[in-house]
Amino acid sequence: MMNVILLFGPQDVGKMTVGQELEKQSGYRLLYMTMDLLVPFLSKCGVYPHA
């Protein structure tokens, strides 16, 4: 099973900074995606119903 941490929010609130620090501390890899790329995937998983 894959562990995933999803950070989302408005522009300029520090998501990338938090993601980079999580990557350093946890050993997880950081994958940057914009919401327009992520919504179709989340909709298929039943997580985000507004696609």
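A pocket here is an open set of points on a 1 Å grid over the protein atoms alone, with protein on both sides within 12 Å along at least five of seven lines, and its lining residues have an atom within 4 Å of a point. Keep that in mind as we walk through this predicted model, in which local features need pLDDT of at least 70, side-chain atom pairs count only at pLDDT 80 or more, and totals for chains, interfaces and linings use all residues. Residues are numbered from 1 along each chain as its sequence is written, and side-chain values use heavy atoms, with hydrogens and water left out.

Let's start with the whole chain. The C-alpha trace spans about 30 × 30 × 10 Å along its principal axes. The protein chain holds 2 helices and 0 strands; helices (H or I, at least four residues) and strands (E, at least two) are DSSP runs, numbered from the N terminus. Of the 51 residues, 8% are buried, where buried means under 20% relative accessible area, exposed over 50%, and partly exposed in between (1.4 Å probe, protein chains only). The chain exposes about 4900 Å², with carbon and sulfur atoms supplying 60% of that area, as computed by the Shrake-Rupley method with a 1.4 Å probe.

D12 is not a glycine, yet it has a positive phi of about 60°. With a relative accessible area of 81%, D12 counts as exposed.

Next comes helix α1, residues 15-26. Just after α1, G27 takes a positive phi of about 85°.

Now back to the pocket. The largest pocket has 26 lining residues, and I5, L6, L7, L31 and M33 lie nearest its centre. Both α1 and α2 (35-44) give two or more residues to this lining, and α1 gives the most, with 6 residues. The space in the largest pocket comes to about 910 Å³, a volume being the space filled by probe spheres set on grid points that are joined across faces, edges and corners.

M33 is found in the loop between α1 and α2, and its relative accessible area of 36% makes it partly exposed. The C-alpha atoms of M33 and L7 are separated by 10 Å, although the two residues are 26 residues apart along the chain.

Definitions and conventions
Expected span 1.5 Å × (residues − 1). 1 Å grid on protein atoms, 1.4 Å probe; cavity = no way out; pocket = protein on both sides within 12 Å on 5 of 7 lines; lining within 4 Å.
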